[in-house]
Amino acid sequence: MKLDIAILGASGYGGGELLRWLSTHPKMNSLRGTARTLAGEPFWKAHPNLRGVIDGDFEEDIDWKAFAKVEQPVVFAALSHGALAEKLPELEAAWKSAGIADRLQLIDLSGDFRLQDPAIFAKAYKKTHPCPELLPRFVYGLPEWNRAKIPGARRIANPGCFATALQLGVLPLHGLKLGFIAASGATGSSGSGASPSEGTHHPLRAQDFRAYKILGHQHLPEVHMAMDAVGVEGTFAFVPQSAPMVRGIFATLMFPLPEHIDAKALHARTEDTFRNCPFVRLVEESPKVTAVTGSNFADISVAAKGGSGVVMVAIDNLCKGMASQAVQNMNLALGLPETEGLKVAGRFPA
Ligand SMILES: NC(=O)c1ccc[n+]([C@@H]2O[C@H](COP(=O)([O-])OP(=O)(O)OC[C@H]3O[C@@H](n4cnc5c(N)ncnc54)[C@H](OP(=O)(O)O)[C@@H]3O)[C@@H](O)[C@H]2O)c1
């Protein structure tokens, strides 16, 4: 199978990571990317790390009729939140008229199509969904949870970065009535995207550590979806934090453990949960953000003592939390080996 790939919003951080991962994917035949402000400029203008690695210029738009001639069209949407939902009805019409709507693989990195219920979407994102009729077409793409639903899915909503870390943290707790889970998640500044903001401004951020969106982060409904699906009962209280790093998420989940589960049992159920998950590594002591930086791995460790349980998860927000997870979903959806083009070690030290 030859993959011809278009990235919408290729000049952002997610777009740059997609270009990096896909440029070495063994099945990649052609790679193109759109951007508004940098249209006509080479990819390296936004992503200097790609200079000499991949050629190509940002395009203003994709000619879908021409794109329709390829064997397997794949589209990644790495647009700012809300932009794909505004455009998708028009894009679907263009894909239909080009005769590729059914075989085109779309993977969206934004939060636009992750929540199936428009009312939950409106509450999380504080706006009405512009095309709720398209929500049911999307399959949620966290392979460690719903791997079975991804093969053959032609529209995939890639999970949020915090959602990925937190969901991986709750999966080993399947079937447990916990009452309360207290979670914190420290993220690097790249989580806010390429446009400068107060939350990414170096002097304000580089040596600070602070909480934000306390108990109200928009990824919580994604966590609830996974909890409901695997039968974890309990209030989930989440405090996101800005950490003085560029990439990475470190999530900690703490909960009271039922009497019958000791440290050994918690470890065993975690091992069992991720037995067939090539990108989850169960580690001793603490996971390290640096060990997963630049990779698709999620490192997880667990601890239990005196009735308290802990799960810790480290991922790279731009990789397992976004771009490389999207490639993992593409592989699974198209029937390729899950690890194709993705078995890359993180950088250590960072
Ligand atoms: N950063 C993370 O850690 C992370 C993790 C998981 C998911 N996500 C989600 O993934 C998506 C991409 O994130 P990012 O961090 O890569 O964002 P980003 O760095 O801000 O990049 C956004 C891209 O979209 C383009 N764009 C923005 N608004 C547009 C519009 N209305 N129409 C067309 N193009 C538009 C931008 O370029 P032009 O403005 O020049 O066109 C740029 O190429 C977001 O929805 C984000 O929520 C981010």
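Predicted model: local features only at pLDDT ≥ 70, side-chain atom pairs only at ≥ 80, totals over all residues.

Reader: OK, and how many residues are in contact between them?
Author: On the domain 1 side 15 residues take part, and they touch 17 residues of domain 2.

Reader: Which elements give two or more residues to the domain 1 side?
Author: Those are helix 4 (118–125), helix 5 (143–146) and helix 11. By class, that side has 7 nonpolar, 6 polar and 2 charged residues.

Reader: Switching to helix 1, how many of its residues are buried?
Author: 10 of the 11 residues in helix 1 (residues 13–23) are buried, so the rest of the structure largely encloses it. Among them are Tyr13, Glu17, Arg20 and Trp21.

Reader: What do those buried residues pack against?
Author: They pack against strand 1 (3–8), strand 2 (28–34), strand 4 (72–77) and helix 11 (323–333).

Reader: Last one: at what angle do helix 6 and helix 8 pack?
Author: About 25°, with the axes of helix 6 (residues 161–170) and helix 8 (residues 220–230) 9 Å apart. Angles under 35 degrees count as roughly parallel, so helix 6 is roughly parallel to helix 8. The crossing is right-handed.

Reader: And which residues of helix 6 and helix 8 meet?
Author: Ala163, Leu166, Gln167 and Val170 in helix 6 meet Glu222, Val223, Ala226 and Met227 in helix 8. That contact divides into 6 nonpolar, 1 polar and 1 charged.

Technical notes. Residues numbered from 1 in each chain as written. Axes fitted to C-alpha atoms, helices over the stretch in contact; angles between N-to-C directions. Helix = DSSP H or I, 4+ residues; strand = E, 2+ residues; numbered from the N terminus. Parallel < 35°, antiparallel > 145°, perpendicular 65-115°, else oblique. Left-handed = near helix turned anticlockwise from the far one by under 90°. Contact = placed C-beta atoms within 7 Å. Nonpolar A, V, L, I, M, F, W, Y, C, P; charged D, E, K, R; others polar. Buried ≥ 20, exposed ≤ 12 C-beta atoms within 10 Å, placed from the backbone.
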